[in-house]
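Welcome, and please take a moment to look over the sequence and the 3D view. The briefing below will walk you through them topic by topic.

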Amino acid sequence: MADTKKRSLDSDNGTESGPEKKLATGDGDGKNTKKPVADPGSEAGSMLAGFQTEKIMRESSREKNIFIHGKMGSGPNEGQDAVLILEKTPFREDSLAELFKTSELKLQMRNDIYSTYHMHPPAHLNDIKATVVCPATEKHIKKYQSQELFLIQESGEDYRNITLPYIQEQSFSVQWVYNILEKKAEADRIVFEDPDPQNGFVLLPDFKWDQKQLDDLYLIAICHQREIKSLRDLTREHLPLLQNIQQQGQEAIMKRYSVPSCRLRVYLHYQPSYYHLHVHFTVLGYEAPGCGVERAHLLSDVIQNLQTDTQHYRTRTLTYPLRADDALLHKLREAGRF
Ligand code: M7G
């Protein structure tokens, strides 16, 4: 069984052995080639230099991240609303020796056998993952704002009468999904693709994963079919698609990262943020945001439920959390459903 805990995926000496391969590229068939990746970092330059913070939306010293709403200070998006997420990256076992050797250490305090230090590693061992959403809509800003959550019980009828019209009216654009499917973006990140228009999908790293280590492995499989919005649309006719995603997705992850299927949590979100069917693959032991019981539906359960009843997800009451300021919550409340 692969030890995913402290495995690094970006060894500086570039050696490729087992799962410690560089993640540079995929050529779409699951092979790990050595083609150089376009370095998106080079185009970013100092685009955050004039970033103006308007509000700290969320911050966690335990998770070492901060969610900021602000305005871009320079570049083509100057003055536009943006969400900026900064997150300290996990430690990598393979860089520890270099960390010890090259960091500057300043004594903070010493007492008996105890001492604490400020450690200043060189820049390349001290990176912060930055995610920028720009221009950010009001809905994006709300998505990242900490808010009280309420659990909703949505019947099949509620879905058809309230949720579906709401989704059709206002949900996040899925342009980024189409860009992936059409190879207009992230093409060099594709780990596996089955191009079949009915049952095929693209598997690639989720943008929450920096791919530097396996202990927070996170990939998404995006199906080629465009008309499946979410779990609610699934019937038995989609079983070949779902089984294909499960099987080929797991195989591709085993091949590329040496993480076996028994170490993977494979699930769909209900509600998702983006209404184009996709499946999340995260490694067990990593508490990925949204992997809790109130939002995640294991793909294997979904498959079994559809095998038992083709109308399962059309008729069953589904439970999920909504944020206090979510317009859908207000619509359900207006209809006396909450
Ligand atoms: P979701 O269940 O619709 O919503 O999952 P969530 O974001 O509330 O979990 C969408 C998944 O796609 C999430 O895990 C996102 O991190 C991921 N994702 C979102 N965007 C905009 C991108 C993107 O541009 N590229 C990639 N690779 N992943 C993305």
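What follows is a short tour, from the overall build to the ligand and a few individual residues.

This is a predicted model, in which local features need pLDDT of at least 70 and side-chain atom pairs count only at pLDDT 80 or more, while totals for chains, interfaces and linings use all residues. Residues are numbered from 1 along each chain as its sequence is written, and side-chain values use heavy atoms, with hydrogens and water left out.

**Overall build**

- The protein has 9 helices and 14 strands; these are DSSP runs, numbered from the N terminus, with helices (H or I) of at least four residues and strands (E) of at least two.
- Of the 338 residues in the protein, 44% are buried; buried means under 20% relative accessible area, exposed means over 50%, and partly exposed lies in between (1.4 Å probe, protein chains only).
- Take the contacts (heavy atoms within 4.5 Å) between residues at least 6 apart in sequence: 63% of them join residues at least 24 apart.
- The protein's accessible surface is about 17,900 Å², and carbon and sulfur atoms account for 50% of that; such areas come from the Shrake-Rupley method with a 1.4 Å probe, and for residues only the protein chains shown count as cover.

- Strand β2 (residues 65-71) pairs with strand β3 (residues 81-88) in the antiparallel sense over 7 bridges; two strands pair if DSSP finds at least two bridges between them.
- β3 also pairs with strand β6 (residues 128-133), in the antiparallel sense over 6 bridges.
- Glu-87 in β3 is a handy landmark: Asn-65 stands opposite Glu-87, and Glu-87 stands opposite Lys-129 in β6.

**Around the ligand**

- The ligand is surrounded by 17 residues, and the closest are Lys-143, Glu-186, Asp-206, His-269 and Ser-273; a residue is near a molecule if one of its heavy atoms lies within 4 Å of it.
- By class, this shell has 7 nonpolar, 4 polar and 6 charged residues; Ala, Val, Leu, Ile, Met, Phe, Trp, Tyr, Cys and Pro count as nonpolar, Asp, Glu, Lys and Arg as charged, and the others, Gly among them, as polar.
- β10 (218-223) and β12 (278-283) each supply at least two residues of the shell.
- A side-chain N or O atom of Lys-143 is 2.8 Å from an oxygen atom of the ligand, and a side-chain N or O atom of Glu-186 is 2.7 Å from a nitrogen atom of the ligand.
- Phe-207 takes part through its backbone, with an N or O atom 3.2 Å from a nitrogen atom of the ligand.
- On its own the ligand has 590 Å² of accessible area, and the protein covers 91% of it.

- His-69 sits in strand β2 and counts as buried because its relative accessibility is 12%.
- The side chains of His-69 and Asp-81 make a polar contact at 2.7 Å; this term means a pair of N or O atoms within 3.5 Å, where within protein one must be able to donate a hydrogen and the other to accept it, and residues adjacent in sequence count only if both atoms are side-chain atoms.
- Met-72 is in the loop between β2 and β3 and counts as buried because its relative accessibility is 5%.
- Arg-323 belongs to strand β14 (residues 318-323) and counts as buried because its relative accessibility is 15%.
- Setting aside residues up to four places away in sequence, Arg-323 touches several others, including Lys-142, Lys-143 and Glu-148.

**Backbone features to look for**

- Most residues other than glycine have a negative phi, and most peptide bonds are trans.
- Cys-134 and Pro-135 are joined by a cis peptide bond with omega about -5°; Pro-135 lies in the loop between β6 and α3 (138-144).
- Another cis peptide bond joins Tyr-270 and Gln-271, with omega about -15°; Gln-271 is in the loop between β11 (264-269) and β12.
- Lys-183 has a positive phi near 65°, and at 37% relative accessibility it counts as partly exposed.
- Gln-211, also not a glycine, has a positive phi of about 65°, and this residue is buried, with a relative accessible area of 15%.
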